[in-house]
Amino acid sequence: MNENSITKIEGRAVFVPGDDVDTDRIIPARFMKCITFDGLGEFLFYDVRYKEDGSKKEHNLNDERFSEATIIVGGNNFGCGSSREHAPQSIQKAGFNAVIAGSFAEIFFGNSTNLGVVCVVVGDDDRKQIADLIDKQPELVVSIDLEALKVNIGEYSFDCLIKQDARKSLLEGSFDALSELLEGNSEVDTVVSGLHYIND
Amino acid sequence: MGKTLFEKVWDAHSVKTLSNGQTQLLIGTHLIHEVTSPQAFGMLRERGLSVRFPKRTFATVDHIVPTNEAVEPYSDSLAQGMIEELRNNCVENDITFFDTNTGHQGIVHIVGPEQGITQPGTTIACGDSHTSTHGAFGAIAFGIGTSQVRDVLATQTIALNELKVRRINVNGKLAPGVYAKDVILHIIRTLGTNGGTGFAYEYGGEVFDGFSMEERMTVCNMSIEGGARVGYVNPDDITFEYLKGRKYCPKDADFDQAVECWRNFASDADCQYDDVVTINASEIQPTVTWGITPGQGIGINECIPTIESGETQSARASIAEALDHMSFEGGSELKGKKIDVAFLGSCTNGRLSDLKEVAHYLKGKKVAEGVKAIVVPGSQVVAKIAKSLGLDEIFTEAGFEWRGAGCSMCLAMNPDKLIGNQLCASSSNRNFKGRQGSPTGRTLLMSPIMVAAAAITGEVSDAREIFEF
Ligand code: SF4
């Protein structure tokens with residue numbers, strides 16, 4: 001464990017309905033014309049939140065009651081589509097640090113974990129109940145307990161799942177793999193020496 | 001027991017097991033473009049790290065390049081900033097850059113194979129989910145995020161979980177008018193947009209054995225739309241023939257030696273797959289998407305599903321959402337819907353064979369009045385060869401706009417965009433809401449020949465009724 005270690009996420013939550021919420025929806029491509037990730041938070045779910053004339057659409061993400069949310073509750077196959085890290089970056093920069101969904105697209109899951117954005121899987125019925133609970137009482141605190149693998153809200157407790165390796169690196173605070181990868185430098189040379197296409 | 005190609009390549013590139021149980025995997029070939037790499041170079045600078053193997057990274061610019069404006073500075077200053085940033089990063093780090101003035105610039109997934117950088121038995125990564133395209137050569141090719149682009153630059157490795165392998169056989173023969181694009185749209189429709197999660201897809205069977213490299217690339221390209229991060233075809237003589245003489249491939253005796261080595265990477269006859277799916281080629285129809293995920297595809301003569309046809313609550317909600325966005329009625333025919341735009345291009349179908357095939361049938365025909373039709377070669381090399389064959393003239397005579405190489409209308413990072421709720425017949429790979437630049441724009445994914453048929457008739461059409469196959 002180190003200072004980056006993430007064992008528990010606590011905060012209010014907001015329900016973002018729909019399956020197959022893709023990365024273009026999370027951050028439309030036109031906002032990726034940038035050379036840093038700074039400022040991406042503003043454009044999170046932009047077309048979900050705004051009409052073409054710039055006025056706000058009716059959506060939980062625009063609802064004052066959920067303005068303090070730091071956890072997103074979503075559907076199945078969340079984050080499908082592109083490998084753009086702009087998606088989890090915009091989620092994080094908009095102040096969210098976890099997503100609870102029915103399933104995640106693989107690259108999105110990996111990108112999120114690398115940033116310390118916690119992605120856990122909760123079954124459809126349980127998620128529906130969570131969505132109902134926060135809709136009735138937006139001030140309820142949702143807590144994601146990575147040690148016990150539970151999502152707790154009010155008096156309710158639901159099982160959640162997360163890939164073993166991701167859980168371990170979040171708990172140990174080693175989710176940014178770079179330092180550990182750098183330690184492997186000499187082993188890398190050995191593997192490289194066995195691969196012709198890299199040497200020639 | 002034998003091994004799959006995936007296992008062989010994985011084993012040859014495994015560096016070690018990391019503390020969380022993931023594998024540190026060597027990435028032999030790294031491709032970068034202007035959208036997902038600048039932040040990675042920024043992170044390197046912040047940590048005082050340098051690029052470990054600069055010769056193993058190759059760069060091109062594709063997403064933001066305007067296709068109707070060749071001279072810099074581009075009218076979009078943000079786009080100009082991005083191309084300059086990439087240029088500087090490449091110079092500073094001694095990375096090969098297929099810049100716009102080299103004659104080799106193009107969409108990253110077209111440039112890699114074209115230059116012979118994409119080779120069998122290798123690992124390839126790029127900050128782009130359609131990196132799966134390169135699997136057509138028997139490479140294991142991953143789309144990665146920007147932090148991983150940083151990892152590859154700094155260490156030539158990334159942390160990954162080993163994937164399971166699903167073999168997808170397509171046996172029999174495709175009917176005339178049915179193309180590689182229809183095969184992959186059919187596979188995604190059958191297995192679902194998240195059916196491939198945790199899997200590498202190995203494509204094989206008679207149809208793939210007979211496919212050209214470009215057709216194999218079209219299928220592998222869209223593996224990610226089926227949820228599979230990796231898709232590949234075992235290398236064979238068709239692969240080696242394609243690679244022979246390409247710039248970054250070994251030459252002469254070295255090439256023959258390389259072929260021997262590449263051949264050995266193919267899956268062994270007695271290997272074990274985690275799953276096997278078999279599809280009969282004769283079932284595959286020209287397939288078109290009607291909704292907002294690539295899995296929402298139907299045969300051209302089927303009707304758009306009704307909400308009630310969804311088997312679960314969430315399936316019904318997805319259909320309802322898609323029908324709403326597309327302004328389609330459940331149960332109605334897709335055929336006959338008026339289109340506004342026809343887009344031929346992208347890393348799925350912007351290759352020479354796509355343009356050639358369409359031009360062959362387009363000759364002497366005219367784009368319907370009121371339809372904006374554009375054709376965008378996937379690379380400068382494709383454009384050059386196409387021109388030398390006179391394809392550009394066939395397209396322009398028919399009423400298509402002939403453009404410069406780039407991603408163009410596949411996504412909204414350059415001036416080529418849908419306007420309002422225009423309906424676009426597109427040879428690209430994603431029909432997500434807003435994908436083509438207008439939040440209310442509507443995309444129908446289909447094969448290039450179906451795009452041509454729609455362009456000519458002004459409505460979604462069965463190409464088999466328009467052209468003689
Ligand atoms: S053509 Fe489309 S899918 Fe392919 S790399 Fe460009 S934007 Fe991505």
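Across the interface of chain B and chain A, 29 residue pairs are in polar contact, with both residues at pLDDT 80 or more; a polar contact is a pair of N or O atoms within 3.5 Å, where within protein one must be able to donate a hydrogen and the other to accept it, and residues adjacent in sequence count only if both atoms are side-chain atoms. The model is predicted, so that local features need pLDDT of at least 70 and side-chain atom pairs count only at pLDDT 80 or more, while totals for chains, interfaces and linings use all residues. Residues are numbered from 1 along each chain as its sequence is written, chains are lettered from A and ligands numbered from 1 in the order in which they are written, and side-chain values use heavy atoms, with hydrogens and water left out.

On the side of chain B that touches chain A, two or more residues are given by each of several elements, including α1 (5-13), α3 (77-93) and α11 (313-326) of chain B. The largest share of this side, 7 residues, belongs to α5(B); helices (H or I, at least four residues) and strands (E, at least two) are DSSP runs, numbered from the N terminus. By residue class, the side comprises 26 nonpolar, 38 polar and 14 charged residues, where Ala, Val, Leu, Ile, Met, Phe, Trp, Tyr, Cys and Pro count as nonpolar, Asp, Glu, Lys and Arg as charged, and the others, Gly among them, as polar. In total, 78 residues from chain B and 53 residues from chain A take part in the contact (heavy atoms within 4.5 Å).

Between chain B and chain A there are 6 salt bridges (a side-chain nitrogen of Lys or Arg within 4 Å of a carboxyl oxygen of Asp or Glu). One salt bridge joins D24(A) to R435(B), with the closest N and O atoms 3.1 Å apart.

R435(B) is also among the residues nearest the centre of the largest cavity, together with H63(B), D128(B), H130(B) and L411(B). A cavity is a set of points, on a 1 Å grid over the protein atoms alone, where a 1.4 Å probe fits but cannot get out, and lining residues have an atom within 4 Å of a point. The largest cavity holds about 230 Å³ of space, a volume being the space filled by probe spheres set on the points, which are joined across faces, edges and corners. Its lining of 22 residues divides into 7 nonpolar, 11 polar and 4 charged.

Key:
On a 1 Å grid over the protein atoms alone, a cavity is a set of points where a 1.4 Å probe fits but cannot get out, and a pocket is an open set with protein on both sides within 12 Å along at least five of seven lines; lining residues have an atom within 4 Å of a point.
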